[in-house]
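Keep the model in view while reading.

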Amino acid sequence: MDNVVSIVKCDNYDEEIVYDAVLKAINNLGGIDKFVKAGQKVAIKANLLMKVAPEKCATTHPAVVGAVGRLCKEVGASVVIVDSAGGPFNSMYMNSIYKTSGMTDIAQKYDLELNQNFNFVSVNYDNGVVGKKFDILKTLYDADCIINLCKLKTHAFAGFTNAVKNMFGAIPGLEKVEMHGKYRDISTFCDFLYDIWGYFGDKIVLNVSDAIDAMEGEGPSNGTPRHIGVVGASTNPIALDIAGVRLMNADPMTMPTIIKAQERGLIQDLNIQIVGEDLQQFVVKDFDVIVPNLQKPFANYVPMSMQKFVQKMMTQRPKIVKKHCRGCGKCFAHCPAKAISMVEKNGKKIANIDYDKCIKCFCCQELCPFGVIKIKSGIVYKMVNFKSKKRRQNDNKKNA
Ligand code: SF4
Ligand code: SF4
């Protein structure tokens, strides 16, 4: 796999402007017919995290999905748009997401299929480090090839999500929560992500990133849209992720998926080859990044009696804004560590987190439909990251 990343400017989500940008981005890599052939069934694996409008930037924008779909159809392939969101993988739930996220309209307009097959297949992957047998969506299993069409966002658990993390959506519905329960620490979770990639192998022919309007702050669901103005493409998801992290003006080696890629020998270094436009001109210098909880090993060196306190000071954790909790119970139902209970307060039911049980997977923060679960940082975490933010700003000034 090479390390070439195509970067193309794209100012907004006007469908024709996006089409031109996606066309250029893929042409820089050799053109769509290098990856997709006539008669093939192409699965476009979008990021359809939840039922929100495209403007929230939690999902891949329909204009980008439409552009990739049109290009595949132009070479004579058929297209199915597919993802498994954060909730149940069934017709009612997924069709409501398709509608709200703009997929229904874009699919109708360009004659693209929306996945209606809610079955899954159990697969074996003997080379897996942690995932040797797991379930994947039947539609991805059946497809001739896959285009991984991701959205660049911050992510409370993984730091950011772009190409590599997007394929976690190959795991059906609530099994994703089970996987968070099984692969609790971020390092093991990243191993599982690369096992999914290892299973699919060359079937994933291309990765395209919607970084036109990304998400900063409390991603992947409750952050703030932030304009970057870029469509990225690469055959190498790790290279595309390194480019994505650089666009957010963060250090790739603070991100667990990239650290893991190096650990597993999937990349030698952070050098990527940019084609198209200069990535540097699109870097958002004050992008509100998340630095994930990597400090755990340090906390292990302090006495047992102090570990809990040190952990709290050094990490981020979910915090429910109780006065706004609507008591829907979604976080309670999906917490893999069973750390959430529903309690009575002032005559209404609200959610409550038991931090002794919480594994900090941030599934609850991702899934709360009302955005009332925030990310709370410990004081040491804040100080360390304030310092590194300052360092980034100073570096930028020097390089300006
Ligand atoms: S409370 Fe939230 S972050 Fe903690 S284990 Fe449960 S879902 Fe994960
Ligand atoms: S998902 Fe959000 S609104 Fe629903 S119970 Fe949990 S915190 Fe409250």
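## Helix 9 against helix 10

The model is predicted. Helix 9 spans residues 237-247 and helix 10 spans residues 256-263; their axes come within 10 Å and cross at roughly 140°. Helix 9 is therefore oblique to helix 10. The crossing is left-handed.

Helix 9 brings I238, D241, I242 and V245 to the contact, and helix 10 brings T257, I258 and A261. By class, the residues of this contact are five nonpolar, one polar and one charged.

## Helix 8 against helix 10

Helix 10 also packs with helix 8, residues 186-200. Here the angle is about 70°, and the axes are 9 Å apart. Angles of 65 to 115 degrees count as roughly perpendicular, so helix 8 and helix 10 are roughly perpendicular to each other. Helix 8 and helix 10 cross in a right-handed sense.

On the helix 8 side, the contact is made by I186, S187, C190, D191, L193 and Y194. On the helix 10 side stand P256, T257 and K260. Five residues of this contact are nonpolar, two are polar and two are charged. T257 of helix 10 takes part here and in the contact with helix 9.

## Helix 2 against helix 4

Helix 2 covers residues 62-74 and helix 4 covers residues 103-110. Their axes lie 9 Å apart, at an angle of about 25°. Angles under 35 degrees count as roughly parallel, which means helix 2 is roughly parallel to helix 4. The crossing of this pair is right-handed.

From helix 2, the residues P62, V65, G66, G69, R70 and K73 meet M103, D105, I106, K109 and Y110 of helix 4. The contact divides into five nonpolar, two polar and four charged residues. Among the charged ones are R70 and K73 of helix 2, and D105 and K109 of helix 4.

## Ligand surroundings

Ligand 1 has 14 residues around it. C335, A337, C358, C361 and C364 come nearest. The shell around ligand 1 holds 13 nonpolar residues, no polar residues and one charged residue.

Ligand 2 has 13 residues around it. Here C325, C328, C331, A351 and C368 come nearest. The shell around ligand 2 divides into nine nonpolar, two polar and two charged residues.

## Backbone details

Which peptide bond is cis, with omega near 10°? The bond from G219 to P220 is. P220 sits in the loop between strand 9 (204-216) and strand 10 (224-234).

C57 has a positive phi, near 65°, in a residue other than glycine. C57 lies in the loop between strand 2 (41-46) and helix 2. Helix 2 is the helix that packs with helix 4 at about 25°.

Technical notes. Residues numbered from 1 in each chain as written. Chains lettered and ligands numbered in written order. Predicted model: local features only at pLDDT ≥ 70, side-chain atom pairs only at ≥ 80, totals over all residues. Near = placed C-beta within 6 Å. Axes fitted to C-alpha atoms, helices over the stretch in contact; angles between N-to-C directions. Helix = DSSP H or I, 4+ residues; strand = E, 2+ residues; numbered from the N terminus. Parallel < 35°, antiparallel > 145°, perpendicular 65-115°, else oblique. Left-handed = near helix turned anticlockwise from the far one by under 90°. Contact = placed C-beta atoms within 7 Å.
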